[in-house]
Structures are given as structure tokens and as C-alpha cells.
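Could you have a look at this one before we talk? I jotted down some notes as I went through it.

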Amino acid sequence: MSATKHNVRASIGPAMTLLVVLPFVCACGGRAASGNSQAAAAADLNGVWSAPFTPDISKPLGHQPPFTPYGAARFAKEDEFDDPLTQCLPIGPARGIQAGIMPFQIVQTPSALAILFENQHTFRIIHTDGRSHPKDVDATWFGDSIGKWEGNTLVIDTVGLNDRTWLDTAGHEHSDQLHLVERFQKVDNNTIQWTVTFEDPKFFTEPWSVTLPITRQNTEIMSYSCEENEKDRVHLRRTKK
Amino acid sequence: MMRTKSSIFCDLALLLVFAAPPLFAHHGFAVEFDKNSPVTLTGVVTKMEFMNPHIYFYMDVKGKDGKVVNWAFEGGPPNVIYRQGWRKDTLKPGDAVTVKGFRAKDGTHLAACATVKLPDGRELSAGSGAVAGGASGSGSNSGKY
């Protein structure tokens, strides 16, 4: 009996070790093969990355987004003075990629992927275990994200966002009906082509997309505390009447 | 993060740039500073705050009337300019420097620091230009760090 217990324990031990270690082995193992763009099920997105700073997301689009009358009116009166970042509020999922100025780190396991933003040390969790969005998702700063692999491209679907973040510094806003679809396509070991599609029937008449290159950075995520020595707010002035 | 002195020197050498409005992570430039009010001031550094969300340093500037005014200068986020080669002691109290920047809209003795000319003649960008390379999508920041 005790021998059986011992055997069970002995077999559980390595199994538990594997469960703990496997995600890291998988994540790191992918790195070795990451130069191969033909990587099968999932590309290796681990690393520290940065996209070109894009404070006005209409620039890569080439024109203003297809505003609804409501969206156009909101944008016309929006003032950088009201940028949530000046209040040290979270940057939001897409702006963190394209307008965070600072890099972000992707930590990838088979069941989930984390995007760790240096900007304000916020993060996103993208579930890649096959789950769906919850039926009644509460609105949050980074929403609920699920991802699936299409070859070397991770397709991330995000809903459940609050309406308090901006899409960029220029004051493009969104409602809590915002639906994000992002495609992280691994082009080579040092490049991810990122395409984000914004869908929000309250602000935009149709979905619109922007593509930017995300490039690997030879750096590490550094500390960041927005309130550490904040001295600007008392000096800010409205730029629009 | 391990950097050799020579690589840091190379980074600094790359930063011999011309004055341009710095770009900020924490707020837009135009809500605080006036791009139409450029200023060039020479004085002695009194304090350096290498802290988030932007570096601040202070400098005594003697006016034509002999009166000394302590100016405050705001630069880029410390993380961003660290990667460009700045360190906490790049500017030290007692350093005589020349700053090019843009005055605050509220008329206080505050300016956005675009560049600092050090006693040895090097002129450093204090903004976030290397990362904030614009929205070209060209990936111009690749390998910059």
C-alpha cells in the first residue's frame, strides 16, 4: 500500500514539475525557432518591443476616422488638456502599443499572453486557451481579451472596455462599445506587423484599421510611476476655447 | 542594460541635435508649453530630479539687471532619456550650461528643455526624440536603445 502511495507520489512529482516548467519551456523553446517564419502553430512573440510613437492615429490612416456626427462633434471639441494620461490614468490597450512612448514586454505561455507596458506599469492579459468572452463583461480599462493563432499571426479580440481612455494624444475617443481586433503577425525575429481595427458604432460609421511595425528592442522594462514627481497639472492650459 | 562607457559616449554623440519641441508620455506639449516662445538661457544648475513622469532640473539664471532667477526645466521621461544615454548625474549642481527650450504658457519661470549644452561643448537632447520618431511607421526606432 505504501509502495503504491510512493509510486503515485513519485509519478505525480515529475508531472507537477512538468506542469510548472512546461509553459516556460514552451515559451523559451519557441525562441530558438523564432527565426523561422514558417513556425507552425504559434509564433514566439516573447521579448521587449516598441511601435513607432503615433500621437495622432489619423496620420498612418491618412485621414480622419469615419466619424459618426456624434464622434465628429466630440473630436472637434476635445482638448489635450483632458487627456486621461495627464491624470495618470491607464493608457488603454491599443494606445499602450502605439503611443506609450516606452516599450512593452510580451510574455507568452500556451494558455495566455501578457503584454507588460512600461508606461505606468500596466498590463494586458490575452487568453489563448480557447475560451470565449464572458456574457456579461464589466467595462474595464483594458477590457477582456481572447486570442487565437492563425499561422504565425495572433488575432486578439477585445471587448468590455470603458469609455475613459483615448486612442491617442490627439484626442480620438471611443465609447464603451469599442471592439478591438488586433493582428500580431510575426514577420521575422525582430519584427511584428501590428494591425488594429477599431469598431465603435457610437463614434465611427464603420470599422477602420491602422498597421504599424513593432520592432524588437535591446532593452529591459524599467520602473515607471506617473505620480512620482508629477508637477505639470498646475501649469496646463486648455488649447481650445 | 549593461552599457560600456564607449557605447554611452556614442549614444551621447548621436544626440548632438537641434532644438525641437520634445514629446511627452504624460501630457501633450501644447497644453503646457508655447512652441512660439523659444528661449535660450545660460546659468548654473542648482538641482536635478531624474524622476517620473518627466525629469526636472533647476538653474540659476542672472538677468541683465543682475537679478538671479531660478528657472525650472522639464525634459522627457527618465526612462526614455536614460536609453538615450542620460544618467542621474549627467547634470550636476554647479554645472554651467546653456538650455534651449520653450516657455510655459502660464508665464512662470518654467520651460520645456529641448537641448542642454554641457560645459564640454556637447549638446544633448532632453526630449524623447529617439523613441518618439513620429508616426511614419518606418520603424526608425529599431535598435535605437
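My notes follow, starting with the ground rules and then the fold.

1. Ground rules. This is a predicted model, in which local features need pLDDT of at least 70, side-chain atom pairs count only at pLDDT 80 or more, and totals for chains, interfaces and linings use all residues. Residues are numbered from 1 along each chain as its sequence is written, while chains are lettered from A and ligands numbered from 1 in the order in which they are written.

2. Inventory. Chain A holds 4 helices and 9 strands (DSSP runs numbered from the N terminus: H or I with at least four residues for helices, E with at least two for strands). Reading from the N terminus, the order is α-β-α-α-α-β-β-β-β-β-β-β-β.

3. The barrel. The strands β1-β2-β3-β4-β5-β6-β7-β8-β9 of chain A make a closed barrel of 9 strands, with mixed pairing (a pair needs at least two bridges found by DSSP). On average, neighbouring strands of this sheet are turned by 30 degrees against each other, direction ignored (axes are lines fitted to C-alpha atoms, and angles run from 0 to 180 degrees between N-to-C directions).

4. Where does β1(A) pair? Strand β1 (residues 47–50) of chain A runs antiparallel to strand β2 (residues 104–108) of chain A, with 3 bridges, and G47(A) sits opposite I106(A) in β2(A). β1(A) is also antiparallel to β9(A), through 2 bridges; there, W49(A) faces R216(A).

5. The β7–β8 hairpin. Strand β7 (residues 179–188) of chain A and strand β8 (residues 191–199) of chain A are antiparallel and share 9 bridges. The hairpin between β7(A) and β8(A) goes through 2 residues.

6. On to β9(A). Strand β9 (residues 208–216) of chain A pairs with β8(A), again in the antiparallel sense, over 8 bridges.

7. Packing numbers. How much of chain A counts as buried? Of its 241 residues, 35% do (buried means 20 or more other C-beta atoms within 10 Å of the residue's own, exposed 12 or fewer, partly exposed in between, with C-beta atoms placed from the backbone). Among contacts in chain A with a separation of 6 or more, 58% link residues 24 or more positions apart (contact means C-beta atoms, placed from the backbone, within 7 Å).

Conventions. Two residues are in contact if their C-beta atoms, placed from the backbone, lie within 7 Å.
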